[in-house]
Amino acid sequence: MNLSIQLAPKHKQGLLLSNPVMTAAGTFGYGTEYSHMFDIQRLGAIVCKGTTLEPRDGNPQPRLAETACGLLNSIGLQNIGVKALIREKAPLWASWRVPVMVNIAGETIDDYAQLAAKLDGVAGISGIEVNISCPNIKAGGAEFGASPELAAEVTTAVKAATSLPVLVKLTPNTGDIIKVAVAVAEAGADAISLINTLKGIAIDITRRRPLLGSVIGGLSGPAIKPVALHMVYKVAGAVELPVIGCGGITTASDAIEFIMAGASAIQVGTASFTNPSAPLDVLEGIEQFMEEEGLEDIAELIGIARR
Ligand SMILES: Cc1cc2nc3c(=O)[nH]c(=O)nc-3n(C[C@H](O)[C@H](O)[C@H](O)COP(=O)(O)O)c2cc1C
């Protein structure tokens, strides 16, 4: 069976994954945290925690709240910063078979460009995923990814600063995700991943205060799957680039739905918190489905529900 996927067909080196199962940023640490739990080398790719120019402590506690079929988080991009990532994590990744992509986050377009330049050519880093669900401090805190123009500007700046394949990760918190997807594709993204979390809040009725320390959080988990699937379906029909589906994927059948909707690869996020080997379970379930259905190539499933 062939499960391999070319995630960056327009890129000169390309980005070939042995299978379509990836981990979602911020839910799988740096990969190292999970390496004793299962054979992470079998995954298609690992996307590491969101990384910023300087280390960040993140938002005030509490940062997590469970919801019906979902999770609200406001971690606030707690991370070790790009210098420590290059020094401490990349050398280890360089010895791995599984490609690792670094998810980057910035407050200005220049932050993104600087991050991309620093990661360029570092052994152990196979690609960059650009998190555009971040507030733009020069434009009153609106998310870069809410505007097609700003999303394109970030993409152009990152592409100009690196020779690595660049995935741009879309936010669902925008009026028209198709316009953003098309703008990002035209600006030179090698692939598009979606979706990031949906904005949400919860209130502690005893304290009569918002439950999360920073009030607003991002909703993830099974609750968002139909929304994510709808957006993947629409975006896959609007761009020629590979699309990576993410949002509430917990089982192999969830993953197959995204692939049938047009995703070339998928990311497992929140599911790893309740079942650390969820990404591997999803992969094995896809293999089993293909065997049962007599399929030889994963390509036979991509976008099949659209035809
Ligand atoms: C605790 C937590 C931290 C996250 N951190 C990041 C991050 O640093 N960068 C990013 O692009 N997305 C981040 N995300 C979003 C996920 O990568 C994913 O897009 C989202 O959770 C939807 O997928 P899921 O429902 O499978 O979790 C985070 C999600 C959670 C739950």
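Helices (H or I, at least four residues) and strands (E, at least two) are DSSP runs, numbered from the N terminus. This is a predicted model, in which local features need pLDDT of at least 70, side-chain atom pairs count only at pLDDT 80 or more, and totals for chains, interfaces and linings use all residues. Residues are numbered from 1 along each chain as its sequence is written, and side-chain values use heavy atoms, with hydrogens and water left out.

**The second largest pocket**

A pocket is an open set of points on a 1 Å grid over the protein atoms alone, where a 1.4 Å probe fits, with protein on both sides within 12 Å along at least five of seven lines; lining residues have an atom within 4 Å of a point. The second largest pocket holds about 220 Å³ of space. Its lining includes Glu 66, Cys 69, Pro 222 and Phe 273. Strand 5 (64–67), strand 6 (70–73) and helix 7 (271–274) each give two or more residues to this lining. Helix 7 gives the most, with three residues. By class, the lining has five nonpolar, five polar and one charged residues.

**The cysteines**

A disulfide is a pair of cysteine sulfur atoms within 2.5 Å, and by this rule the count is zero.

| Cysteine | Nearest cysteine sulfur and distance |
|---|---|
| Cys 69 | Cys 246, 17 Å |
| Cys 246 | Cys 48, 14 Å |

Buried means under 20% relative accessible area, exposed over 50% and partly exposed in between (1.4 Å probe, protein chains only). Cys 69, with a relative accessible area of 56%, is exposed, whereas Cys 246, with 8%, is buried.

Technical notes:
Grid points are joined across faces, edges and corners, and a volume is the space filled by probe spheres set on the points. Ala, Val, Leu, Ile, Met, Phe, Trp, Tyr, Cys and Pro count as nonpolar, Asp, Glu, Lys and Arg as charged, and the others, Gly among them, as polar.
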